Amino acid sequence: SGAKQSIRELSSLKDLAVRVLAQNVDSIYHVGNLPSSILEPALLQCTAEQLNLLEHRNNHLKGTLETAWKKLVETEFKSKTLMGDSWKTMYWDQIIERKEKLKRLTNSIASAKVEKEKANGMVKHITMSMGEANKRRGVKRPITGGESRVRGPSSSGSKSAKTGTLMKRVLESSSKWKR
């Protein structure tokens, strides 16, 4: 008497059949003479592989499947105009083109990476070689601040080498060990 009852709309048998078909598309083998008005809503929810399988099993569906292929093309490729014989061939052509474009892009990135690694390897090799050569020749880094000038190798040697005191010390220490 005081409680409100909400009346739910009951689904029609047709709506229930469409829902069951859409949920079980992979299980459909042969559709027989099922009207396209029941079949089409389920087909619009199919993937490309499911559509191919249904067409293979039911050759008479080709006209009905074009609408589903068109929806797939519009959804996946944002294309509204037919290019080619049918929406199905356009779909598969677009898939092939996408794969080729991805392959070209992948190859381009890979070759750019290899070139970069080669360039970095060469720069490291040259830098290391120049650094080692400069150390061997005694080349110093330029002095920064004021005027930049490069210092040459010092040929004067150390003070003890000039006076000969280094050699005297070595000889004295070696004679101590002999005793």
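**Helix contact and aromatic rings**

Author: Lys14, Val18, Leu21 and Ala22 of helix 1 meet Ser37, Ile38, Leu39, Pro41 and Ala42 of helix 2. Meeting here is contact, heavy atoms within 4.5 Å, and helices are DSSP runs of H or I with at least four residues, numbered from the N terminus. By class, this contact has seven nonpolar residues, one polar and one charged. Ala, Val, Leu, Ile, Met, Phe, Trp, Tyr, Cys and Pro count as nonpolar, Asp, Glu, Lys and Arg as charged, and the others, Gly among them, as polar.

The model is predicted: local features need pLDDT of at least 70 and side-chain atom pairs count only at pLDDT 80 or more, while totals for chains, interfaces and linings use all residues. Residues are numbered from 1 along each chain as its sequence is written, and side-chain values use heavy atoms, with hydrogens and water left out.

Two packed helices are described by the angle between their axes and the distance between the axes. Helix 1 (residues 13-23) and helix 2 (residues 36-43) pack at about 40°, with axes 8 Å apart. An axis is a line fitted to C-alpha atoms over the stretch in contact, and angles run from 0 to 180 degrees between N-to-C directions. Helix 1 and helix 2 are therefore oblique to each other; angles under 35 degrees count as roughly parallel, over 145 as roughly antiparallel, 65 to 115 as roughly perpendicular and the rest as oblique.

Now the aromatic rings. The structure holds four aromatic pairs, that is, rings of Phe, Tyr and Trp (its six-membered ring) with centres within 6.5 Å; planes under 30 degrees apart count as stacked, over 60 as edge-to-face and the rest as tilted. Trp69 and Tyr91 have ring centres 5.5 Å apart and planes at 50°, so this pair is tilted. The pair links distant parts of the chain, with Trp69 in helix 4 (residues 62-77) and Tyr91 in helix 5 (residues 87-137), 22 residues apart. Tyr91 also pairs with Trp92, edge-to-face, at 5.0 Å between centres and 85° between planes. Together, Trp69, Phe77, Tyr91 and Trp92 form one aromatic cluster.

Trp69 is buried at 1% relative accessible area, and Tyr91 counts as buried at 5%, whereas Trp92 is partly exposed at 26%. Buried means under 20%, exposed over 50%, and partly exposed in between (1.4 Å probe, protein chains only).

Methods:
Helices (H or I, at least four residues) and strands (E, at least two) are DSSP runs, numbered from the N terminus.
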